[in-house]
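Subject: Structure for your review

Dear colleague,

Please find below the structure that I am handing over to you, together with its sequence. My findings follow it.

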Amino acid sequence: MESQVMTNPEDISKLYRELSLFPSLTRADVGPVITSQYGGKYSNIYTEWSQRDLERNENVKFCRQYIVFHDDKSVVYSGPSGNCTEIKGELLSKDSPSGDMKAVVRESIIKGEDKQFLEIWSKNIKVKSINLTALKKHGKVYEDDQFGCLVWSHSETHLLYVAERKRLKAESFFQSCSLADEEEGVKMGKEEETTKGEQFVFYEDWGETLVSKSSPVLCVLDIEGSNVSVLEGVPDNISPGQAFWAPSDTGVVFVGWWHEPFRLGLKYSPNRRSSLFYVDLTGGQCEQLSSGSSAVCSPKLSPDQCRIIYLECAVYGPHQQCSRLCMYDWYTKRTSVVVDVVKRPREDGFAGIYSSSLSPLCWSADSQRILVSCPQGSRKDLLLVETTTGSVTSLTSSEWGHTVPCPLVSPLTNTVSELVGFLPLGGSREEVDWVVLEDSQTQPDIDWQILNFTPPPEQDNSQYRKNIHSDSWTFSLYLLCLSLSGGPHSVIVADWLLSSSVLCRMGFAILLVNYRGSIGYGQDSISSLPGNVGTQDVKDVQFAVESVLRGGAFDEQKVAVAGGSHGGFVACHLIGQYPEFYKACVARNPVINLASMIGSTDIPDWCMVEAGYNYSTDCLPDPAVWEQMLNKSPIKHVKQVKTPVLLTLGEDDKRVPPKQGIEYYRALKALQVPVRLLWYPGNNHSLSKVDAESDGFMNIALWMTQHLSL
Ligand SMILES: CC(=O)N[C@@H](C)C(=O)N[C@@H](C)C(=O)O
């Protein structure tokens, strides 16, 4: 078979540059309905996007707005209002419910120092700019998705946000401060409370991507008086986040994560013990609103302010699981399960809810239905849930029925195009009439399909027997490159993926495999993997690859494998367990040895659970458990490896510390297997900084062309 793959680095980088121009949507807000002076009704849609800027070596953020005229049933006219504008320095921003004002948390470097400001904009004027850093009421404002929020009170007089608890300035016992300095401080009114002997105290953090976040506090700005206060009443053993104003602004509702006896990583880990809480603003009393024996997230108040919808799953166990959609009634104080865990996909195709974040716009305007965006198998879906009956319908799949009431504009995007549609009125069986806001740009020469495989009987998992399939999708061209999902409880959905697209345009065919254990296929599929990692996942992938190769479209001598994290774990297993099969391997921050990882990762529970054990915070090292962990790890098979390996490691990875990759590197070096290690300072687990990502891609592409002898 003659190779038609692009091999020239100049051509490859040109292609990468071209495709990296596609932005991805990061936020979409729908403003209130406005009636124009001519009686027409319209809403503004605000969107934020992120785009790689290779010249500036950063991801740039920009916004684009649209205007949508409607008649309460359908879109009459829609179009962009103005051009894109780059957003700089904004950490958080939020329009007030009436749309009259906007709040912005901004970071600015002044005389070399980072300062944070809270700004209030009204019409065309910045009416307030409060220097939060100078106020010294708290540390840095949280801008992350885990804890962070910026919420207007219903009255539009107060703002709620989360920040790091204020720490006293730590000094050495031997600090000498000159009298002149002290006098100067007093004169300037700048004396700062200090504490001695605390300079080197260790502060736990919440792990990967949340490294400087330790003790969050809830903060309230009284806009009129420009006064910031830190809310009291939150229990000391709880870290609060995802907060919002309770009905009538009487207090604040938030998610509280227990941080005793110690904090564990939260990223990709919605399985941490947590509860809904309410703290009363007048008395400072704190009430627990959910059981406290589960993990909850993403509470959202209904527009009629009567109910709170949120997601719930079990504590520990697989990190991502099928969620329960729960509802708390503010007035009866009763909680109900609206959608329960789904063990196997239902006859109509519904496979359960897999999400750790509900959209801020998830409620329909009639406070009866919830929109949930989540994978169903290897497709992204938008589900509509009837809260009174728990019925679920897909808004994107034509096979499902549609029952949805009430006008609500809800943006749905597929990265390079945006859609807007109205939910039909109550009881109607009409379908949503989607209107394209911005034309999508299709990729030439890329073709894809979803393939389903049923594992052969000998690879069946007796406990979770039938109906477990591994789906995959492939771009069908000339040579086969295998790319694996991580987690292991995550999923690759049919979506825009930069690196896969460039590889396809270079001439590779990519097979992206969702092995059993991936989310989106029912809880049974997830539960089938813990205890079987290194065998079930590995065999599933090998089965999928061999099935595709049997079709005869690809050269069996030119198959490469790539994966990150647990995907890297599977990739390194494959080259150890099938030594002649793969001609090149690439692993991003791979898990190499569960036994050595448990002592250094931010998620030690993950190592235990995936090796097949229950986790508790007081479990002590046990030689039998360590032996099992080692037996299930890729390092166990390293002596068989012949495939050249490219390792890409992030120096600041807290999830799978780079020492894991180094352990493999040393073993391969000792065995004289070709290995190349790329070390990215300032990068964490995702290696997603623009220079790391682009350099990583070029090296991966060239590693493959070199070792597949193209
Ligand atoms: C829960 C978790 O983070 N597991 C890691 C070992 C992992 O595989 N992460 C995936 C999601 C990744 O691609 O980084």
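Is strand β12 (residues 158–164) mostly covered or mostly uncovered? Strand β12 is mostly covered, as six of its seven residues are buried. Please bear in mind throughout that this is a predicted model.

**Strand β12 and its partners**

Strands of a sheet pair through backbone hydrogen bonds, and they do so either parallel or antiparallel. Strand β12 pairs with strand β11 (residues 150–152) in the antiparallel sense, over three bridges. In that pairing, Val-151 stands opposite Leu-160 of β12. The hairpin formed by β11 and β12 has five residues between the strands, and Glu-156 takes a positive phi near 65° there. Strand β12 is also joined to strand β15 (residues 216–222), by seven bridges, and these two strands run antiparallel. Here His-158 stands opposite Asp-222 in β15.

**The nonpolar cores**

The largest nonpolar core has 148 residues. The members that touch the most other members are Tyr-161, Leu-218, Val-252, Ala-560, Ala-571 and Cys-585. Leaving aside residues up to four places away in sequence, Leu-218 touches Leu-160, Val-162, Leu-231, Val-234, Pro-240, Ala-243, Val-252 and Phe-254. There is also a second, separate core of five residues, which includes Ala-28, Tyr-66, Val-68 and Leu-437.

**A sheet of four strands**

An open sheet has four strands in the order β21-β22-β23-β24, with antiparallel pairing. Its edge strands are β21 (295–301) and β24 (335–339), each of which pairs on one side only. On average, neighbouring strands of this sheet are turned by 30° against each other, direction ignored. Strand β23 (residues 324–329) is joined to β24 by four bridges, and the two run antiparallel. Leu-325 stands opposite Val-339 in β24.

**Two helices in contact**

How do helices α6 and α7 cross, and at roughly what angle? The axes of helix α6 (residues 536–550) and helix α7 (residues 566–577) come within 10 Å and cross at roughly 75°. Helix α6 is therefore roughly perpendicular to α7, a description that covers angles of 65 to 115 degrees. From α6, the contact is made by Asp-537, Val-538, Val-541 and Gln-542, and from α7 by Val-570, His-573, Leu-574 and Gln-577. The residues of this contact divide into four nonpolar, three polar and one charged.

Yours sincerely,
A colleague

Technical notes. Residues numbered from 1 in each chain as written. Predicted model: local features only at pLDDT ≥ 70, side-chain atom pairs only at ≥ 80, totals over all residues. Core = buried A, V, L, I, M, F, W, Y, C linked by C-beta atoms within 7 Å. Buried ≥ 20, exposed ≤ 12 C-beta atoms within 10 Å, placed from the backbone. Contact = placed C-beta atoms within 7 Å. Pairing = 2+ DSSP bridges. Axes fitted to C-alpha atoms, helices over the stretch in contact; angles between N-to-C directions. Parallel < 35°, antiparallel > 145°, perpendicular 65-115°, else oblique. Nonpolar A, V, L, I, M, F, W, Y, C, P; charged D, E, K, R; others polar.
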